[in-house]
Amino acid sequence: MKKIECVIMDWAGTSVDYGCFAPVAAFVDSFKQMGLTVTAAETRAHMGVTKIEEIRALFSIERVGKDFREKYGRDYTEEDVQECYKRFQKVLFDTLEDYAEPIPGVVEVIAKLRAQGIKIGSTTGYTQKMMDVVIPAAEKKGYRIDNCVTSDNLPGGRPKPYMIYRNMCDLDVASRFSVLKYGDTIADIREGVNAGVWSVGVIMGSNELGLTEEETRTLPMGELKCRMAKVRDRMYAAGADYVVDTIAELPMLIEDINERMAL
(Lines give C-alpha, C1' and ligand atoms only; values in the text may rest on other atoms or scores of the structure.)
Protein backbone atom coordinates (compact mmCIF):
# COMPACT_ATOMS: atom_id res chain seq x y z
CA MET A 1 0.00 0.00 0.00
CA LYS A 2 1.32 3.42 -0.97
CA LYS A 3 1.68 5.92 1.85
CA ILE A 4 3.61 9.06 2.69
CA GLU A 5 7.18 8.07 3.53
CA CYS A 6 8.86 11.46 3.29
CA VAL A 7 7.96 15.07 4.03
CA ILE A 8 10.19 17.66 2.38
CA MET A 9 10.19 20.93 4.27
CA ASP A 10 11.14 24.42 3.16
CA TRP A 11 13.11 26.57 5.61
CA ALA A 12 12.49 30.35 6.01
CA GLY A 13 8.78 31.02 6.44
CA THR A 14 7.96 27.32 6.73
CA SER A 15 10.03 25.73 9.49
CA VAL A 16 12.03 28.70 10.84
CA ASP A 17 11.97 32.51 10.58
CA TYR A 18 8.26 33.27 11.11
CA GLY A 19 7.13 35.54 8.27
CA CYS A 20 10.32 34.92 6.25
CA PHE A 21 12.05 38.16 7.23
CA ALA A 22 15.77 37.32 6.97
CA PRO A 23 15.99 37.31 3.15
CA VAL A 24 13.53 40.20 2.80
CA ALA A 25 15.66 42.48 4.97
CA ALA A 26 18.85 41.42 3.18
CA PHE A 27 17.42 42.09 -0.28
CA VAL A 28 16.14 45.53 0.70
CA ASP A 29 19.44 46.45 2.37
CA SER A 30 21.68 45.22 -0.47
CA PHE A 31 19.80 47.31 -3.05
CA LYS A 32 19.83 50.29 -0.69
CA GLN A 33 23.62 50.05 -0.51
CA MET A 34 23.65 50.53 -4.29
CA GLY A 35 21.38 53.57 -4.04
CA LEU A 36 18.31 51.68 -5.23
CA THR A 37 14.97 50.94 -3.62
CA VAL A 38 13.10 47.65 -3.63
CA THR A 39 10.12 47.10 -1.38
CA ALA A 40 9.42 44.18 0.90
CA ALA A 41 6.42 43.32 -1.26
CA GLU A 42 8.59 43.21 -4.39
CA THR A 43 11.06 40.83 -2.73
CA ARG A 44 8.27 38.59 -1.47
CA ALA A 45 6.80 38.27 -4.97
CA HIS A 46 9.85 36.26 -6.05
CA MET A 47 10.67 34.46 -2.80
CA GLY A 48 11.56 30.78 -2.95
CA VAL A 49 13.81 30.85 -6.01
CA THR A 50 17.60 30.95 -5.62
CA LYS A 51 18.81 34.25 -4.22
CA ILE A 52 20.85 35.20 -7.29
CA GLU A 53 17.78 34.59 -9.48
CA GLU A 54 15.71 36.77 -7.19
CA ILE A 55 18.22 39.60 -7.49
CA ARG A 56 18.03 39.30 -11.27
CA ALA A 57 14.24 39.45 -11.03
CA LEU A 58 14.37 42.55 -8.83
CA PHE A 59 16.74 44.32 -11.22
CA SER A 60 14.36 43.51 -14.08
CA ILE A 61 11.54 45.52 -12.45
CA GLU A 62 11.00 48.50 -14.75
CA ARG A 63 11.17 51.06 -11.94
CA VAL A 64 14.39 49.61 -10.55
CA GLY A 65 16.00 49.58 -14.00
CA LYS A 66 14.97 53.19 -14.52
CA ASP A 67 16.36 54.23 -11.13
CA PHE A 68 19.64 52.49 -11.97
CA ARG A 69 19.94 54.38 -15.29
CA GLU A 70 19.25 57.70 -13.59
CA LYS A 71 21.86 57.04 -10.91
CA TYR A 72 24.62 55.45 -12.99
CA GLY A 73 23.93 56.80 -16.49
CA ARG A 74 23.73 53.32 -18.05
CA ASP A 75 21.73 50.11 -18.00
CA TYR A 76 22.61 47.56 -15.35
CA THR A 77 24.71 44.53 -16.31
CA GLU A 78 25.32 41.07 -14.91
CA GLU A 79 28.33 42.55 -13.10
CA ASP A 80 25.94 44.81 -11.18
CA VAL A 81 23.75 41.83 -10.36
CA GLN A 82 26.77 39.96 -9.02
CA GLU A 83 27.88 42.99 -6.98
CA CYS A 84 24.44 43.25 -5.41
CA TYR A 85 24.53 39.51 -4.69
CA LYS A 86 27.85 39.92 -2.86
CA ARG A 87 26.31 42.66 -0.73
CA PHE A 88 23.22 40.52 -0.14
CA GLN A 89 25.30 37.60 1.07
CA LYS A 90 27.26 39.75 3.51
CA VAL A 91 24.10 41.20 5.03
CA LEU A 92 22.42 37.80 5.19
CA PHE A 93 25.38 35.98 6.74
CA ASP A 94 25.58 38.64 9.43
CA THR A 95 21.97 37.98 10.46
CA LEU A 96 21.10 34.38 9.51
CA GLU A 97 21.70 32.88 12.92
CA ASP A 98 19.25 35.36 14.43
CA TYR A 99 16.47 34.06 12.14
CA ALA A 100 16.73 30.34 12.94
CA GLU A 101 13.95 30.23 15.54
CA PRO A 102 11.53 27.39 14.69
CA ILE A 103 7.99 28.44 13.84
CA PRO A 104 5.54 27.44 16.61
CA GLY A 105 4.47 23.81 16.36
CA VAL A 106 7.17 22.75 13.92
CA VAL A 107 9.49 20.98 16.37
CA GLU A 108 6.65 18.99 17.94
CA VAL A 109 4.99 17.98 14.67
CA ILE A 110 8.22 16.96 12.98
CA ALA A 111 9.14 14.85 16.02
CA LYS A 112 5.73 13.17 15.80
CA LEU A 113 6.14 12.41 12.09
CA ARG A 114 9.64 11.06 12.60
CA ALA A 115 8.34 8.79 15.38
CA GLN A 116 5.93 7.37 12.80
CA GLY A 117 8.86 6.49 10.55
CA ILE A 118 8.43 9.39 8.14
CA LYS A 119 11.68 10.77 6.76
CA ILE A 120 12.21 14.55 6.88
CA GLY A 121 13.97 16.13 3.92
CA SER A 122 14.28 19.78 2.98
CA THR A 123 14.85 22.15 0.08
CA THR A 124 15.71 25.83 0.16
CA GLY A 125 16.49 28.94 -1.82
CA TYR A 126 19.60 29.39 0.33
CA THR A 127 23.03 28.14 -0.74
CA GLN A 128 24.88 25.38 1.09
CA LYS A 129 27.14 27.92 2.81
CA MET A 130 24.04 29.73 4.10
CA MET A 131 22.55 26.47 5.32
CA ASP A 132 25.81 25.68 7.11
CA VAL A 133 24.80 28.57 9.38
CA VAL A 134 21.05 27.92 9.58
CA ILE A 135 21.05 24.15 10.20
CA PRO A 136 23.19 24.08 13.37
CA ALA A 137 21.45 27.21 14.70
CA ALA A 138 18.04 25.54 14.21
CA GLU A 139 19.27 22.29 15.77
CA LYS A 140 20.27 24.18 18.91
CA LYS A 141 16.64 25.27 19.14
CA GLY A 142 15.29 21.75 18.70
CA TYR A 143 14.59 21.55 14.95
CA ARG A 144 16.33 18.72 13.11
CA ILE A 145 15.84 17.28 9.65
CA ASP A 146 17.27 14.14 8.02
CA ASN A 147 18.48 15.75 4.81
CA CYS A 148 18.96 19.19 3.29
CA VAL A 149 19.40 19.83 -0.41
CA THR A 150 20.37 23.17 -1.95
CA SER A 151 20.53 23.97 -5.66
CA ASP A 152 24.35 24.03 -5.58
CA ASN A 153 25.63 21.72 -8.36
CA LEU A 154 22.11 21.02 -9.63
CA PRO A 155 20.66 22.21 -12.98
CA GLY A 156 18.48 24.74 -11.16
CA GLY A 157 16.54 25.68 -8.07
CA ARG A 158 12.82 26.18 -7.62
CA PRO A 159 10.42 25.87 -9.25
CA LYS A 160 12.42 23.14 -10.97
CA PRO A 161 12.06 19.74 -9.25
CA TYR A 162 15.70 18.71 -8.91
CA MET A 163 16.11 19.38 -5.18
CA ILE A 164 13.12 17.14 -4.47
CA TYR A 165 14.55 14.40 -6.67
CA ARG A 166 17.89 14.63 -4.85
CA ASN A 167 16.10 14.28 -1.51
CA MET A 168 14.36 11.18 -2.81
CA CYS A 169 17.70 9.68 -3.82
CA ASP A 170 19.44 10.64 -0.59
CA LEU A 171 16.61 9.30 1.57
CA ASP A 172 15.88 6.23 -0.58
CA VAL A 173 12.26 7.06 -1.37
CA ALA A 174 11.33 5.30 -4.60
CA SER A 175 7.85 6.63 -5.36
CA ARG A 176 6.86 10.26 -5.92
CA PHE A 177 3.44 9.39 -4.53
CA SER A 178 5.11 8.76 -1.17
CA VAL A 179 6.54 12.29 -0.98
CA LEU A 180 4.86 15.42 0.38
CA LYS A 181 6.43 18.82 -0.28
CA TYR A 182 5.49 21.43 2.35
CA GLY A 183 6.26 25.13 1.93
CA ASP A 184 5.19 28.73 2.25
CA THR A 185 5.90 30.28 -1.17
CA ILE A 186 4.42 29.95 -4.64
CA ALA A 187 7.82 28.64 -5.77
CA ASP A 188 7.51 25.86 -3.15
CA ILE A 189 4.10 24.89 -4.49
CA ARG A 190 5.32 24.81 -8.08
CA GLU A 191 8.41 22.84 -7.09
CA GLY A 192 6.15 20.14 -5.68
CA VAL A 193 3.86 20.23 -8.70
CA ASN A 194 6.78 19.95 -11.13
CA ALA A 195 8.18 16.99 -9.19
CA GLY A 196 4.80 15.25 -9.29
CA VAL A 197 4.62 14.86 -5.51
CA TRP A 198 1.92 15.96 -3.08
CA SER A 199 2.25 19.75 -2.86
CA VAL A 200 1.05 21.42 0.33
CA GLY A 201 1.14 25.10 1.24
CA VAL A 202 1.09 26.66 4.70
CA ILE A 203 -0.35 30.09 5.46
CA MET A 204 0.56 31.19 9.00
CA GLY A 205 4.17 32.33 9.29
CA SER A 206 4.54 32.27 5.53
CA ASN A 207 6.25 34.63 3.13
CA GLU A 208 2.95 34.91 1.30
CA LEU A 209 1.19 36.26 4.39
CA GLY A 210 4.23 38.32 5.37
CA LEU A 211 3.26 39.10 8.97
CA THR A 212 5.19 38.88 12.22
CA GLU A 213 3.76 36.83 15.07
CA GLU A 214 2.79 40.07 16.83
CA GLU A 215 1.03 41.40 13.74
CA THR A 216 -0.82 38.11 13.40
CA ARG A 217 -2.04 38.37 17.01
CA THR A 218 -3.08 42.03 16.82
CA LEU A 219 -4.57 42.25 13.33
CA PRO A 220 -8.40 42.42 13.42
CA MET A 221 -9.74 38.92 12.85
CA GLY A 222 -11.74 39.95 9.79
CA GLU A 223 -8.67 41.45 8.14
CA LEU A 224 -6.51 38.43 9.02
CA LYS A 225 -9.06 35.99 7.59
CA CYS A 226 -9.28 38.06 4.41
CA ARG A 227 -5.49 38.01 3.96
CA MET A 228 -5.34 34.30 4.69
CA ALA A 229 -8.04 33.63 2.10
CA LYS A 230 -6.04 35.49 -0.55
CA VAL A 231 -2.92 33.44 0.24
CA ARG A 232 -4.95 30.23 0.09
CA ASP A 233 -6.35 31.22 -3.31
CA ARG A 234 -2.87 32.01 -4.70
CA MET A 235 -1.50 28.68 -3.52
CA TYR A 236 -4.35 26.68 -5.00
CA ALA A 237 -4.03 28.64 -8.24
CA ALA A 238 -0.35 27.63 -8.32
CA GLY A 239 -1.38 23.97 -8.15
CA ALA A 240 -1.33 23.08 -4.46
CA ASP A 241 -3.07 19.82 -3.60
CA TYR A 242 -3.83 21.14 -0.12
CA VAL A 243 -3.31 24.34 1.86
CA VAL A 244 -3.24 24.33 5.67
CA ASP A 245 -3.35 27.16 8.17
CA THR A 246 -0.56 25.74 10.36
CA ILE A 247 1.67 22.70 10.59
CA ALA A 248 -0.59 21.31 13.35
CA GLU A 249 -2.89 20.13 10.54
CA LEU A 250 -0.16 18.14 8.78
CA PRO A 251 -0.36 14.77 10.63
CA MET A 252 -4.10 14.48 10.03
CA LEU A 253 -3.66 15.55 6.41
CA ILE A 254 -1.07 12.80 5.92
CA GLU A 255 -3.53 10.28 7.36
CA ASP A 256 -6.18 11.47 4.91
CA ILE A 257 -3.74 11.21 1.97
CA ASN A 258 -2.75 7.68 3.05
CA GLU A 259 -6.40 6.66 3.17
CA ARG A 260 -6.98 8.21 -0.23
CA MET A 261 -4.07 6.27 -1.76
CA ALA A 262 -5.36 3.04 -0.18
CA LEU A 263 -8.66 3.21 -2.06
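The second largest pocket is lined by K3, I4, E5, L113, Q116, G117, I118, P251, I254, E255 and N258. A pocket is an open set of points on a 1 Å grid over the protein atoms alone, where a 1.4 Å probe fits, with protein on both sides within 12 Å along at least five of seven lines; lining residues have an atom within 4 Å of a point. Helix α12 (residues 250-262) gives the largest share of this lining, four residues; helices are DSSP runs (H or I) of at least four residues, numbered from the N terminus.

The model is predicted: local features need pLDDT of at least 70, side-chain atom pairs pLDDT 80 or more, while totals for chains, interfaces and linings use all residues. Residues are numbered from 1 along each chain as its sequence is written, and side-chain values use heavy atoms, without hydrogens and water.

| Pocket | Volume |
|---|---|
| Largest pocket | about 270 Å³ |
| Second largest pocket | about 160 Å³ |

Each volume is the space filled by probe spheres set on the grid points, which are joined across faces, edges and corners. Among the 14 residues lining the largest pocket, R44, A45, H46, N207 and E208 are the closest to its centre. Both α2 (40-44) and α9 (186-195) supply at least two residues of that lining.

N147 sits in the loop between α7 (128-140) and α8 (162-170). Beyond its neighbours within four places in sequence, N147 is in contact (heavy atoms within 4.5 Å) with I120, G121, S122, N167, D170 and L171.
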